[in-house]
Amino acid sequence: MVHMLNPDCPIWDSKVMGKLSSFCGKYSTSWDDETKLKQAPLVYKGLIDWYRVYLSTTNAEDVIEEFDKHFSTYDAKITRTKKIDFMLWKL
């Protein structure tokens, strides 16, 4: 829910993690609660780190530019992070 309070934070959902878990670390809903509590912050930090690095690439700039072409009306209201979230869901 962090992403709802801060739109610069990435969404952690099954689609995003399905594409990025090899970069962020594995997380399993079948783990016991103690393991989840230990692992979740590490995995989310990995996700944040991936976005930080990716957003500095020319590929990210190209993706964001393409997003802006199609959704220019919303450009000022959607963060760069959310634009990448949307593109990851599309894949």
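Glu61 counts as partly exposed because its relative accessibility is 37%, where buried means under 20% relative accessible area, exposed over 50% and partly exposed in between (1.4 Å probe, protein chains only). Arg80 is partly exposed as well, at 34%. The side chains of these two residues form a salt bridge with N and O 2.9 Å apart; the term requires a side-chain nitrogen of Lys or Arg within 4 Å of a carboxyl oxygen of Asp or Glu. This pair links distant parts of the chain, with Glu61 in helix 4 and Arg80 in helix 5, 19 residues apart. Helices are DSSP runs (H or I, at least four residues), numbered from the N terminus.

The model is predicted: local features need pLDDT of at least 70, side-chain atom pairs count only at pLDDT 80 or more, and totals for chains, interfaces and linings use all residues. Residues are numbered from 1 along each chain as its sequence is written, and side-chain values use heavy atoms, leaving out hydrogens and water.

The axes of helix 4 (residues 58–70) and helix 5 (residues 80–90) come within 10 Å and cross at roughly 85 degrees. Helix 4 is therefore roughly perpendicular to helix 5, a label for angles of 65 to 115 degrees. Residues in contact (heavy atoms within 4.5 Å) include Phe67 of helix 4 and Phe86 of helix 5.

Helix 3 (residues 33–54) holds both Lys38 and Glu34, four residues apart, about one turn of the helix. Their salt bridge has its closest N and O atoms 4.0 Å apart. Lys38 is exposed at 55% relative accessibility, and Glu34 is exposed at 54%.

Key
Axes are lines fitted to C-alpha atoms, for helices over the stretch in contact, and angles run from 0 to 180 degrees between N-to-C directions. Helices (H or I, at least four residues) and strands (E, at least two) are DSSP runs, numbered from the N terminus. Angles under 35 degrees count as roughly parallel, over 145 as roughly antiparallel, 65 to 115 as roughly perpendicular and the rest as oblique.
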